[in-house]
Amino acid sequence: MRRLVLEPNERRQIEWLVDEVLVEYGPWDPAQFVPHARTVAESLPIRVRQFFRKVQADETDLAVLSGLPLSRDLEPTPTGWDIAEKTGVGGREEVVLTLCSAVLGEPFAWGDQQNGRMVHDVCPAPGKELSETSGSSTAPLSLHTEDAFHQCRCDYVALSCLRNPDRIATTVVRADRIALPARLAAILSERRFHHRPDQSHIGPQGHASEAADRDAILFGPPESRYLRIDFDDTCAADPDDHVAQEAIKELYTYVCDAQEKVVLEPGDAIFLDNYRVVHGREPFQPRYDGTDRWLKRVNLIRDIRRVFLTTESRSRVIE
Ligand SMILES: O=C(O)CCC(=O)C(=O)O
Ligand SMILES: [Fe+2]
């Protein structure tokens, strides 16, 4: 894990830049700003830019930026992303995350997730407590590769923390820390698995072709393996393939042994390499009184052309 703690003068520099963005590109609309974000992000403090260049070059699995600016008059935590969308709460924090994220990758979105928004709200929502979505709370969010079902899934998940009063951990498992026997690794490297769309993508029929693809769970350079798995939605491609089914179960035990917890503090942003880390969240009791845990989230891809080739347009929203 690599961490950069911002100095007060760097935090001020970021605040000025956010003010500039809100004047020049206001009223704030992430979808309008995102194509310009990379250029504006050139004015971020040099240590931030160097940090992300290093994260990219080394394929750092977990990177944390600490000491980011937070509004003194931050609004109460919304009770769901749809409320956040209507009210536009946490707008300054979205600018901060979008700018920092743009150094590492290109933001993009999914049409069927949070209404195609570029910046998501991760906060507990009434009625979603037990769901397999970011609005869950009392049930743990199982370990997953973000959008594992899709070839165009993100290279990085960026999560910035606005509030986390009960210090609820994001759970992470780094591929490098999973001590798999060679026999198991060999099965998981074969294309005998389906990665089905998760509950956050409503209307899974829209992704039927990806869901039908056969793919491996383990792939990439043998000395630093890549992972593709959602423990709720990855299954054996052939229902009679008991070896593949058992391999997923066995992998789960090794993954649990390697699980680590990262507690995000307000002003922290974590950048998870979605090929090298699977992540989830501990359960917690929501209060729905404006003080709940609240994160902002952005999906990042290294090469935006992969998105354009998927959308067959210059749209960053995959339908
Ligand atoms: O709430 C968290 O810490 C992680 C949530 C998550 O998996 C996500 O938003 O993609
Ligand atoms: Fe996630």
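**Close-up views of a predicted model**

**View 1. Iron site.** The iron ion (ligand 2) is coordinated at 2.0 to 2.1 Å by His-144 (NE2), Glu-146 (OE) and His-279 (NE2). Donors are N, O and S atoms within 2.8 Å of the metal (3.2 Å for Na, K and Ca); water is not among the atoms, so sites may look incomplete. Along the chain the donors of this ion have the spacing H-x1-E-x132-H. Glu-146, in the loop between strand S5 (141-144) and S6, and His-279, in strand S14 (residues 277-281), lie 133 residues apart. Helices (H or I, at least four residues) and strands (E, at least two) are DSSP runs, numbered from the N terminus. Both Glu-146 and His-279 are buried (under 20% relative accessible area; exposed is over 50%, partly exposed in between; 1.4 Å probe, protein chains only).

The model is predicted: local features need pLDDT of at least 70, side-chain atom pairs count only at pLDDT 80 or more, and totals for chains, interfaces and linings use all residues. Residues are numbered from 1 along each chain as its sequence is written, chains are lettered from A and ligands numbered from 1 in the order written, and side-chain values use heavy atoms, without hydrogens and water.

**View 2. Strand S6 and its partners.** Eight of the eight residues of S6 (residues 156-163) are buried, so the strand is largely enclosed by the rest of the structure. S6 runs antiparallel to S13 (residues 269-273), joined by five bridges, and to S15 (residues 294-301), over seven bridges. Strands pair if DSSP finds at least two bridges between them. Val-157 stands opposite Leu-272 in S13 and Asn-299 in S15.
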